[in-house]
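Please read it alongside the sequence and the model.

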Amino acid sequence: MYCLTCTIAGDQHEIADAIGYGYDAGGCVEEAAAAGRIKLIFYFADKDNADNAASSLKEMLSVDDAAIEFVDDKQDWNAKWRESMEPAQIAEGVWVSPTWLEPPPEGRKAWIKIEPKMAFGTGHHETTRLAAKMLISRKNEVAGKNVLDIGTGSGILCFVADYAGAGSALGVEIDEDCRENLAENLRDNPPRRDGAIEFLIGTLDAVNADAGAGTNTDKIFDVVIMNMLSTESSPLLGQIRAMTKKGALLIWSGILAGEKDEVINTAGKFGFRIDNQQTENEWWCGAFLRD
């Protein structure tokens, strides 16, 4: 495992998080630093991702003290995470936390149990909350439908889709290191009796290859979710159009508010028109319908 350590100004926190997680950071521990600054420690399974994150931090935020070191195991990370973990409410009455940290029972409608083992998606980031809220708010369009979650991470948005009544949810994740965590989270969050949840390690090409291979995978989807940086998600729009039905719903999160006009314009070129949008702090999420 590789640790990337740097210090940032407080108002750079959300962008720094997006950069780190955009390069598949497994998690991040933050500590107070001098002069009101914040020390961030990102954890990566791959050194190239750590190097790329360091370069982006320097380019986008002028971070000049990023340091990368190899650590032998995840024990220190797991201990620090458990110390700082709190339940996260991602929508009204919908909570996310590990099995060993039960959220408040008052007003609770659902408890999604996510074990924080080197996979982004514990409900503590704005982009996850925005996507979850948008998904639940469109539950009439989700109920009974086939849902695809691209870059599923911990699988959290597949579990939200199941809560919203999806007929099936397929989470696709390119990071092999997420496989074990996804299996654990699926064990702790079995789908509804009339629902189905599957996870696939690979690219969108793997979805096409796997379709019809004796699973519930269907390469034509009614709903697609992307909670990814625009640099990673925009290039997928052509494939997404080919994998969706007319009138399909696309929920696109992971977008900085300053990028929304560009994202809306790009989506329009592929036949996705904006239908609704939400923001939280510096982050934006849009709901699009396919022409």
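A contact here means heavy atoms within 4.5 Å. This is a predicted model, in which local features need pLDDT of at least 70 and side-chain atom pairs count only at pLDDT 80 or more, while totals for chains, interfaces and linings use all residues. Residues are numbered from 1 along each chain as its sequence is written, and side-chain values use heavy atoms, with hydrogens and water left out.

**Overall form**

The protein has 11 helices and 14 strands, where helices (H or I, at least four residues) and strands (E, at least two) are DSSP runs numbered from the N terminus. Its radius of gyration is 18 Å, close to the 19 Å that the globule rule gives for 291 residues, so the protein is as compact as a globular protein of that length. The radius is taken over C-alpha atoms, and the rule is 2.2 Å times the number of residues to the power 0.38. The C-alpha trace spans about 50 × 40 × 40 Å along the principal axes.

Of the 291 residues, 52% count as buried. Buried means under 20% relative accessible area, exposed means over 50%, and partly exposed lies in between (1.4 Å probe, protein chains only). Among contacts with a separation of 6 or more, 66% come from residues 24 or more positions apart. The protein exposes about 13,000 Å², of which carbon and sulfur atoms supply 47%; accessible areas come from the Shrake-Rupley method with a 1.4 Å probe, and for residues only the protein chains shown count as cover.

There are 28 positive and 47 negative side chains, and the centres of the two sets lie 8 Å apart. Lys and Arg count as positive and Asp and Glu as negative, with His and the chain ends not counted. Each charge is placed at NZ of Lys, CZ of Arg, CG of Asp or CD of Glu.

**Aromatic pairs**

The structure holds six aromatic pairs. Rings of Phe, Tyr and Trp (its six-membered ring) pair if their centres lie within 6.5 Å; planes under 30 degrees apart count as stacked, over 60 as edge-to-face and the rest as tilted. The ring centres of Phe42 and Phe44 are 6.3 Å apart and their planes are at 45 degrees, so this pair is tilted. Phe42 and Phe44 are both buried, and together with Tyr21 they form one aromatic cluster.

Another pair, Phe159 with Phe199, is edge-to-face, at 5.9 Å centre to centre and 80 degrees between the planes. This pair links distant parts of the chain, with Phe159 in helix 6 (residues 156-163) and Phe199 in strand 10 (residues 197-201), 40 residues apart. Phe159 is buried at a relative accessible area of 4%, whereas Phe199 is partly exposed at 22%.

Helix 6 is mostly covered, with seven of its eight residues buried. Those buried are Ile156, Leu157, Cys158, Phe159, Val160, Ala161 and Asp162. Gly165 follows helix 6 and has a positive phi, near 100 degrees.

Thr152 sits in the loop between strand 8 (146-150) and helix 6. What does Thr152 touch, not counting residues up to four places away in sequence? The list is Cys158, Gly171, Val172, Glu173, Leu182 and Phe199.

**Positions in strands**

Trp283 is placed in strand 14 (residues 283-290). Beyond four places away in sequence, Trp283 touches residues including Glu14, Ile15, Ala18, His125 and Leu256. The C-alpha atoms of Trp283 and Arg241 are separated by 24 Å, and the two are 42 residues apart along the chain.

Val224 lies in strand 11 (residues 221-227). Among the residues Val224 touches beyond four places away in sequence are Leu148, Ile150, Ile240 and Leu250. Val224 and Ala34 are 190 residues apart in sequence and 43 Å apart in space, C-alpha to C-alpha.

| Residue | Relative accessible area | Class |
|---|---|---|
| Trp283 | 0% | buried |
| Val224 | 1% | buried |
| Thr152 | 4% | buried |

**Positive phi angles**

Most residues other than glycine have a negative phi. Asp24 has a positive phi, near 65 degrees, and belongs to the loop between helix 1 (13-22) and strand 2 (27-32). Asp24 is partly exposed, with a relative accessible area of 31%. Ser62, also not a glycine, has a positive phi of about 60 degrees. Ser62 is in the loop between helix 2 (47-61) and strand 4 (67-70) and counts as exposed at 59% relative accessibility.
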